[in-house]
Amino acid sequence: MAGPPVIIWAQEVERLLHCRELVPRLEAALGKFSRRDSAEVIQPVRSTVPLQKHNGFMGLMPTYMENDGVLCTKFVCFYSRQEGSTLPGTQATVVLLDAEYGNVKAVMDGDVITGMRTAAVSAISAKLLMRPEAEVLAILGTGHQALSHYNVFTEMFPFKEVRVWSQSRQRAERFRQSVGGPVKICLSVEEAVRGADAIVTVTKCTEPVLFGRWVKPGAHVAAVGACRPNWRELDDVLMKGAVVYVDSREGAMAEAGDVILSGAEVFAELGDVINGTKPAHREKTTVFKSLGMGVEDAVSAQLVFDQWTDGK
């Protein structure tokens, strides 16, 4: 008889989930997803429920990995908050189930998982698509995702300079004080991205904030914000002039305003590059449009659960 589910809180998830163990698991999961083998990954496009009264929506992200015996779903709520609001912009919970019995094995904080797996997948895109001699990283945004991207990117790559831009100088200063290494605060997006080899956009912008005329030829852009079909972070010039990679073609065509509104062609999924079926065009300007996938949450949650179980 199945026992009650374990509850794994944010602090414990943070202790158990590390980039060095997570990245290879995510690479394997992205490759499995792109093979479109139902025994490897079954993952529908994220479904959403509007929360009109609260100016937000809830997303549901289920995944089943039959060969790996992983059944998981994430509930994530997004909100458009007023400036100065003390309420969270996102809240996520990940539920891990026993595929055979159908019972819940674990309920765990989803915000830490989301931050870590999103940054790790962005870093995988950089590992595959960024020029190996890259020296300058620019981060647009200073929220939780900006912090997780800073931590993962500086752990994985030897950047000589990290620049950051925020709509608020106060938030930019707070970000600089919260990280473990040097950061240059820039007063404009153009100042932050001019000459940068890698650019991460993790903003709440719904209109383009990054323009192609500012981007160095051959730079790599990991675009993480703008997760709705009518939101954008990147302009047409950048989207149409770059080689565009995504995590999921179906997800991008349903949810990525940067792709949908620009009419840019999706060249490949990251999993295609991992599987060797599509090339990595390091010599060209590249954009990885990230939406996040349930399979990323599933392998992250399973890793947390395995680590938690091993420690008991």
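## Aromatic pairs and clusters

Phe159 is buried, with a relative accessible area of 14%; buried here means under 20% relative accessible area, exposed means over 50%, and partly exposed lies in between, as computed with a 1.4 Å probe on protein chains only. The model is predicted: local features need pLDDT of at least 70, side-chain atom pairs count only at pLDDT 80 or more, and totals for chains, interfaces and linings use all residues. Residues are numbered from 1 along each chain as its sequence is written, and side-chain values use heavy atoms, with hydrogens and water left out.

Phe157 is likewise buried, at 13% relative accessible area. Phe157 and Phe159 form an edge-to-face aromatic pair, with 5.9 Å from centre to centre and 65 degrees between the planes. The rings of Phe211 and Trp214 are also edge-to-face, because their centres are 5.1 Å apart and their planes stand at 70 degrees. Rings of Phe, Tyr and Trp (its six-membered ring) pair if their centres lie within 6.5 Å; planes under 30 degrees apart count as stacked, over 60 as edge-to-face and the rest as tilted. Of these two partners, Phe211 is partly exposed at 23% relative accessible area, whereas Trp214 is buried at 13%. The structure holds 6 aromatic pairs, and Phe153, Phe157 and Phe159 form one aromatic cluster.

## Charges over rings

Two arginine side chains are described here. The charged end of Arg36 sits over the ring of Phe33, 4.3 Å from the ring centre. The charged end of Arg228 sits over the ring of Phe57, at 4.6 Å from the centre of that ring. The criterion requires NZ of Lys or CZ of Arg to be within 6 Å of the ring centre and within 35 degrees of the ring normal.

## The second largest pocket

The second largest pocket has a volume of about 220 Å³. Of the 18 residues in its lining, those closest to the centre are Phe33, Gln43, Pro44, Val45 and Ser248. Phe33 also carries the charged end of Arg36 over its ring. Helix H2 (19-34) and helix H8 (249-255) are the elements that give two or more residues to this lining, and H8 gives the most, with 3 residues. Helices (H or I, at least four residues) and strands (E, at least two) are DSSP runs, numbered from the N terminus.

By class, the lining has 7 nonpolar, 5 polar and 6 charged residues; Ala, Val, Leu, Ile, Met, Phe, Trp, Tyr, Cys and Pro count as nonpolar, Asp, Glu, Lys and Arg as charged, and the others, Gly among them, as polar. At least three lining residues come from each of domain 1 (6-113 + 295-311) and domain 2 (116-292), the domain bounds being taken from an automatic or database domain assignment. A pocket is found on a 1 Å grid over the protein atoms alone, as an open set of points with protein on both sides within 12 Å along at least five of seven lines, whereas a cavity is a set of points where a 1.4 Å probe fits but cannot get out; lining residues have an atom within 4 Å of a point. Grid points are joined across faces, edges and corners, and the volume is the space filled by probe spheres set on the points.

## Positive phi values

Most residues other than glycine have a negative phi. Asn55, in the loop between strand E2 (47-51) and strand E3 (56-65), has a positive phi near 55 degrees. Asn55 is partly exposed, at 45% relative accessible area.

Ala226 has a positive phi of about 55 degrees although it is not a glycine. Ala226 lies in the loop between strand E11 (220-223) and helix H7 (236-241), and at 4% relative accessibility Ala226 counts as buried.

Ala298, in helix H11, counts as buried at 0% relative accessibility. Leu71, in strand E4 (residues 70-79), is partly exposed at 24% relative accessible area. Leu71 and Gln302 are 231 residues apart along the chain, and their C-alpha atoms are separated by 9.2 Å.

Gly292 lies in the loop between strand E14 (286-289) and helix H11 (294-310) and is buried, at 12% relative accessible area. From C-alpha to C-alpha, Gly292 and Ser122 are 9.9 Å apart in space and 170 residues apart in sequence. Val266, in strand E13 (residues 266-269), is buried at 9% relative accessible area; the C-alpha atoms of Val266 and Val244, 22 residues apart along the chain, are separated by 5.1 Å.
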